[in-house]
Amino acid sequence: MNTEKQLYTVSIYTENNIGLLNRISAIFQRRHINIESLNISPSEIDGVAKFTIVVNMTEVNVKKIIGQIEKQVEVIKAYFHTLEEIIYQISGLFKIKSELLFEERQIQNIIKESNARIVTVNKEFFVLEKSGRKEEIAELYDELSVYGIMQYTRSGLIAVTKEEMKISALLKKYNN
Amino acid sequence: METQTISNKEISSKTTQRISGSEAIVRCLIEEDVKIIYGYPGGAIMPVYDELFKYQDKIHHVLTRHEQGATHAAQGFARISGKVGVAIATSGPGATNLITGIADAQIDSTPMVCITGQVASHLLGSDAFQETDIVGISTPVTKWNCQVTKAADIPGALAKAFYIAKSGRPGPVLVDITKDAQFEEFDFLYEKCTKIRSYTPIPKTVAGTLEAAAKMINAAKKPLIVWGQGVVLSAAEEQFKALVEKAGIPAAWTILGASALPTSHPLNVGMLGMHGNYAPNKLTNECDVLIAIGMRFDDRVTGKLDEYATQAKVIHFEIDPAEVDKNVKTDVAVLGDAKVTLKAILPLIDENSHKEWHQEFKDLYKIEYEKVIKDDIHPTKEGLTMGEVIKEINIQSKGEAAIVTDVGQHQMIACRYAEFNKTKSNITSGGLGTMGFGLPAAIGAKMAAPEREVVSISGDGGYQMTIQELGTIFQQKAAVKIVVLNNDFLGMVRQWQQLFFDKRYASTEMINPNFVAIAEGYYIKAKKVTKREELADAVAEMMASKEAYFLEVCVEKEGNVFPMVPSGASVSEIRLE
């Protein structure tokens, strides 16, 4: 078993109930595990929420954590995967002064080459959106920061697995 | 006093009836066959108390003197009856006072439902009078919790609460109900909860694991069984005994497993862990197969983990999959309810006696007897020992009493020396080590099993943490026998100070009050013993009493509990002195 720390995504399918985030985050907190990113959204199943949590830990410990998470009454199933086992995306938003768009020709090239998308433009600022891997967004950040970024924010990682999760089959079994 | 009497017919909930949320709460409890609840009134739970007044012929409410006492009493009730204990409190301080008992119940897997009143829903989050976020506060120490703000959600929440509390690995749940939900009227209909789609109380036994475990057990030359409370919680005592006897395997217990197999059983080789017996601790590091049943390898049991039974193959019978491989890596995990899995494995087990191996336990017991036990229970030097008091209680109760202990030296001594003939006879705070647990837990135990002799044994420290519950004992006429082993010290901490902190007795000496006068102040018969020759008569008088009785025994001031596995040491480094 791998004893080196590495990034894992923990995918948790849950009932959509108030307070569950508190319960799940406490599992990480009491073991002093920092959550690198967290995203909660509806899943492919009606009424079932999906947590996607990225943590840096060993395989032994992530397995133990999964056990503790699955123990929670309202958790349907939890999985963990390495980054190689998933398809993931992160989204970044950049707010930049509008004058730069017209005065700095290089900015337009950066937008084009990075495949970023202009979300909105007005007199004061424009907003760029870039989805991709963490490194791609970081690269765009580095390039734009030379010209000045008014605001920057990045989403948590969202992921689907390469392999089937079989959660629907599991729920079907529970429902019968 | 005139009370409204409600007939069974009237409370039948097969058809819907328009009632208030607070009445619904009481009716839900009746539907769950709850007959005794423990609690303390206050502003945000008053509508429920008003209903309890109306339904007092159906539910007996015990007014404890502190909400902590209510939770411990509910725990004592649950531990001896196997049913769900119920505690109720008001919002804010009432609710936070429950937390110690809830945390204790969580770590010791005790089924408990706590109901708290909450400020009206329009005030939530406004720092209203007596508002606390009790759902947030109790989240890490409950098996499940929720807040209800609409009367119509009360039956569903409470049905779920009872189902979760008692199913699978039991635990405490908390339901917080706002005051407006208590007043609101709705069409009441109660349906018991039997299934929650996201919750699997008992995991499936993995195919082949029973056979693999049986093969390993049959091939073992030096097998050792270590059992915990799981045996008691799944009512598997009979199946467990059958396995131990058929396989002829020495069996040792964790503190919460005590009494599942009678103390006098020839294959019961004693207590595990920090103050456990010499032989099972030492031989844990010599067995070839370690069979753990319904226990969770607590650090007080294992000592230094990387030197714990490293030579042994480990089989773990367990209901909670998260416990498997948590502390000790297993070779075979038999998931499931112990009663079912033990019954299933029995036909696969060969008859055996392991005589030579068992002799090793007997040899080490002799050493422990000579160096520790003899002086503990048959002392010749001046000063009463805690061990001889327990021995006297054993004699007078014939090993039939339920012993409820607090936390500290007396607890370890009681667990080491108490004789248990019946299961569910050792009620103590294990995982959390909660001082103040003993006295209120004894009240709950006695009320759940009035036919049983319940002896509460406390130290002078823990006793004073919930001493106010003498008032509950008096008011409820709970015939609890209370023994305080008084050494005028916080004895266990003092022992550690002596052994590991150069005898610097920082804040462990207690100047104690007149305990007899306090008991008598609560109209409880009381006696104090300071000399050995007074002990037997005093214990006899206590046991003969039909009412509650308080006995203070002044024991030697600086008595120590041995054997001892020093904190962080391996179990084979267990010290006899």
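# Briefing: cores and A–B interface of a predicted model

The largest nonpolar core comprises 98 residues, and those with the most contacts inside it are B:Ile225, B:Trp227, B:Phe240, B:Leu290, B:Ile293, B:Ile315 and B:Val553. Helix α16 of chain B, spanning residues 355-377, gives the most to this core, with six residues.

**Nonpolar cores**

- As general background, nonpolar side chains in soluble globular proteins tend to be buried together.

**Interface of chain A and chain B**

- Chain A and chain B bury about 1,600 Å² between them, with 45% of that area on carbon and sulfur atoms, and the contact draws 19 residues from chain A and 20 residues from chain B.
- Three salt bridges are found across the interface of chain A and chain B, and eight residue pairs there are in polar contact, both residues of each pair being at pLDDT 80 or more.
- On the side of chain A that touches chain B, at least two residues each are supplied by α1 (20-29), α2 (59-70), β4 (75-82) and α6 (167-175) of chain A.
- By class, this side of chain A has six nonpolar, eight polar and five charged residues.
- A salt bridge joins the side chains of A:Lys71 and B:Asp320, with an N to O distance of 2.8 Å.

**A:Glu74**

- A:Glu74 is placed in the loop between α2 and β4 of chain A, and because its relative accessible area is 7%, under the 20% cut-off, A:Glu74 counts as buried.
- Leaving aside neighbours within four places in sequence, A:Glu74 is in contact with A:Thr14, A:Glu15, A:Asn17 and A:Leu20 of chain A, and with B:Trp144, B:Lys160 and B:Ser198 of chain B.

**Chain A as a whole**

- The secondary structure of chain A comes to six helices and nine strands, and the C-alpha atoms of chain A fill a box of roughly 60 × 35 × 30 Å along the principal axes.
- Of the 176 residues in chain A, 44% are buried.
- Among the contacts in chain A with a separation of 6 or more, 76% are between residues 24 or more positions apart.

How values were computed
Residues are numbered from 1 along each chain as its sequence is written. Chains are lettered from A and ligands numbered from 1 in the order in which they are written. This is a predicted model: local features need pLDDT of at least 70, side-chain atom pairs count only at pLDDT 80 or more; totals for chains, interfaces and linings use all residues. Side-chain values use heavy atoms; hydrogens and water are left out. A nonpolar core is a set of buried Ala, Val, Leu, Ile, Met, Phe, Trp, Tyr and Cys residues joined through side-chain atoms within 4.5 Å. Buried means under 20% relative accessible area, exposed over 50%, partly exposed in between (1.4 Å probe, protein chains only). Helices (H or I, at least four residues) and strands (E, at least two) are DSSP runs, numbered from the N terminus. Contact means heavy atoms within 4.5 Å. Buried area is the accessible area (1.4 Å probe) that two parts lose on being put together, summed over both. A salt bridge is a side-chain nitrogen of Lys or Arg within 4 Å of a carboxyl oxygen of Asp or Glu. A polar contact is a pair of N or O atoms within 3.5 Å; within protein, one must be able to donate a hydrogen and the other to accept it, and residues adjacent in sequence count only if both atoms are side-chain atoms. Ala, Val, Leu, Ile, Met, Phe, Trp, Tyr, Cys and Pro count as nonpolar, Asp, Glu, Lys and Arg as charged, and the others, Gly among them, as polar.
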